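I opened my notebook to look up a few local features here. Have a look along with me.

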Amino acid sequence: MQHLRYLILTLLLVPGLPGYSQSKTTANLTEAYRFESANSTLFAAYATDAGNQGIPKVATFFRAIAKTASIHADNFQKVLAKMGITVTPSVPAIIVKTPKLNLEDALQAVRIEAGIKYSEYLDQAKTDGDNTATKALRWAKETEQQSLQLFVNVADAIGEESTGSLPAYYWICPKCGNLYGVASPEKECSFCYTEREKFIKVQ
């Protein structure tokens, strides 16, 4: 019996055999959850610092992206919970620099997620045929790609010392984390079709 159990465990760890891909998707979702939960905590700290330094609209942006990260983390946690897996959030080392450098760090993290990590994770989930994981990863990837221009706008405003021109508030889709930096967003989310009336206003 022990030999049979050892054989089964060994086969589950061999790439290309049944069980391997699913365990990889689970690991990917766990890493994505911890990354997003850590980002949410870190971006919130950046928001507090920007507020203390007298640039409230930059603080509002950091609060908004902290909320989107939190929504993505919650989505990943729900998928893992359906798999019977319990995860704990990461506790990042909070290193606050200048608002400009904080934004550059945040932008780099989002670029890695949207351009590299989530593309790989999404391909794996599709290979596994895991539709729930695929949807959560696709939402995270696409919404973060769309938010990149907002990061650039804030970076430009900080560099030009014209942060007063930035939006006073942002709208966030509570289901997929889509972020809007406009006064009146579309009637429904373009990614998950959630009604505008349910959007979260961050100011």
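I began with leucine 179 and looked up its contacts, meaning heavy atoms within 4.5 Å. Leaving out residues up to four places away in sequence, leucine 179 touches Phe61, Ala64, Ile65, Thr68, Gln146, Ser147, Leu150, Tyr170, Trp171 and Ile172.

A note on the source: this is a predicted model, where local features need pLDDT of at least 70 and side-chain atom pairs count only at pLDDT 80 or more, while totals for chains, interfaces and linings use all residues. Residues are numbered from 1 along each chain as its sequence is written, and side-chain values use heavy atoms, with hydrogens and water left out.

Next I looked up the nonpolar cores (sets of buried Ala, Val, Leu, Ile, Met, Phe, Trp, Tyr and Cys residues joined through side-chain atoms within 4.5 Å). For burial I used relative accessible area with a 1.4 Å probe, protein chains only: buried is under 20%, exposed over 50%, partly exposed in between. The largest core has 28 residues, and Leu179 is among those with the most contacts inside it, as are Val58, Phe61, Phe62, Ile65, Phe151 and Val154.

Which elements give two or more residues to this core? I found α2 (20–52), α3 (56–82), α4 (99–128), α5 (131–159) and β1 (170–172). These are DSSP runs numbered from the N terminus: helices are H or I, at least four residues, and strands are E, at least two. The largest share, eight residues, comes from α3. Another core, of 16 residues, lies apart and includes Tyr33 and Tyr121.

Last, I checked glutamate 161, in the loop between α5 and β1. Its phi is near 55°, a positive value in a residue other than glycine, and glutamate 161 is exposed at 74% relative accessible area.
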